[in-house]
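Biologist: I am new to this structure and would like to learn how to read it. Please take me through it feature by feature.

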Amino acid sequence: MTFFEGLPASPEHRSRPAPARPVWAGPPANELPVVIHVGQFLHRAPPLVMGVRSLQVYSTGCCIEIAWVARRDGMSEHEWGELSSKAFRMPMGGHRSSESGPLFGIEYADGRKAVIGHPRPAMFGTESAVTEPVLLQAGGGAGMGTGDEWVSSSRLWLWPLPEQGDLRLVARWNDAGMPETSIVLDGNRIVAALDVVQPF
């Protein structure tokens, strides 16, 4: 008999079905999105450069890929440490600070708005109650680089897609010297991409 023979049988495992995730809570896991190149800067002044790389369009919403680079640019050790620590403080709940970390929002052509993490509905069981657009953080890259420079990225999930008209992406980062600024995302390209989204 070997060491592992003769062990008692494991009890029968009964898995519970996972609760359905609301359509607004993130991109569908069973779709291959259409990638739309954006390639526009939101900010280009010391100590920060921030730009929008691309959109990933799904049948229910889209992911916005944002990247930024910051350099110390003569800051004291304390100032640089403070800025670096706030670089990853994305608002996740209903409370947000206008002075700490980057803020992002979307404005639809009809005037509706979505601000990241404000509010953030419960992730399960509230789909019927969510009527306003939702903007959530859906991942991103960790900072990397030298002691005087770091590179980071963020992936924002927007629900729903625009039915018509352009989207305006608005950003602000007071602590990094970035005033409120915006770019326009082509709504026609987003709507047209729906025809090319593929299910797995």
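Biologist: Which residues touch the most other members in the largest nonpolar core?

Modeller: First, how to read the model: it is predicted, so local features need pLDDT of at least 70 and side-chain atom pairs count only at pLDDT 80 or more, while totals for chains, interfaces and linings use all residues. Residues are numbered from 1 along each chain as its sequence is written, and side-chain values use heavy atoms, leaving out hydrogens and water.

In soluble globular proteins, nonpolar side chains tend to be buried together. A nonpolar core is a set of buried Ala, Val, Leu, Ile, Met, Phe, Trp, Tyr and Cys residues joined through side-chain atoms within 4.5 Å. Buried means under 20% relative accessible area, exposed over 50%, and partly exposed in between, with a 1.4 Å probe and protein chains only. Here the largest core has 38 residues, and Met50, Ile64, Ile66, Phe104, Leu169 and Trp173 touch the most other members. Another core, of 9 residues, lies apart from it and includes Tyr58 and Trp157.

Biologist: What does Leu169 touch?

Modeller: A contact means heavy atoms within 4.5 Å. Not counting residues up to four places away in sequence, Leu169 touches, among others, Leu42, Val52, Gly105, Ile106 and Leu185.

Biologist: How many bridges join β9 to β10?

Modeller: Strands are DSSP runs (E, at least two residues), numbered from the N terminus, and two of them pair if DSSP finds at least two bridges between them. Strands β9 and β10 (residues 178-185) run antiparallel and are joined by 6 bridges; Leu167 has Leu185 as its bridge partner in β10. Their hairpin has 4 residues between the strands, and Gly177 takes a positive phi near 75 degrees there. Strand β5 (residues 103-107) is also antiparallel to β9, with 5 bridges, and Gly105 stands opposite Val170.

Biologist: Why is β9 described as largely enclosed by the rest of the structure?

Modeller: Because 5 of its 7 residues are buried.

Biologist: How many aromatic pairs are found in the whole structure?

Modeller: A pair of aromatic rings is described by the distance of the centres and the angle of the planes. Rings of Phe, Tyr and Trp (its six-membered ring) pair if their centres lie within 6.5 Å; planes under 30 degrees apart count as stacked, over 60 as edge-to-face and the rest as tilted. The search finds 4 pairs. One of them, Trp150 with Trp173, is tilted, with 6.3 Å between centres and 35 degrees between planes. It links strand β8 (residues 149-159), which holds Trp150, to β9 (residues 167-173), which holds Trp173, 23 residues apart. Both Trp150 and Trp173 are buried. Ring pairs also join Trp68, Phe104, Trp150 and Trp173 into a cluster.

Biologist: Where is the pLDDT below 50?

Modeller: The pLDDT is the predictor's confidence in each residue, from 0 to 100. Where it is low, the predicted coordinates should not be read in detail. The protein has a mean pLDDT of 83, with 82% of its residues at 70 or more. Residues 92-98 are below 50, and this stretch has 16 contacts in the model beyond near neighbours in sequence.
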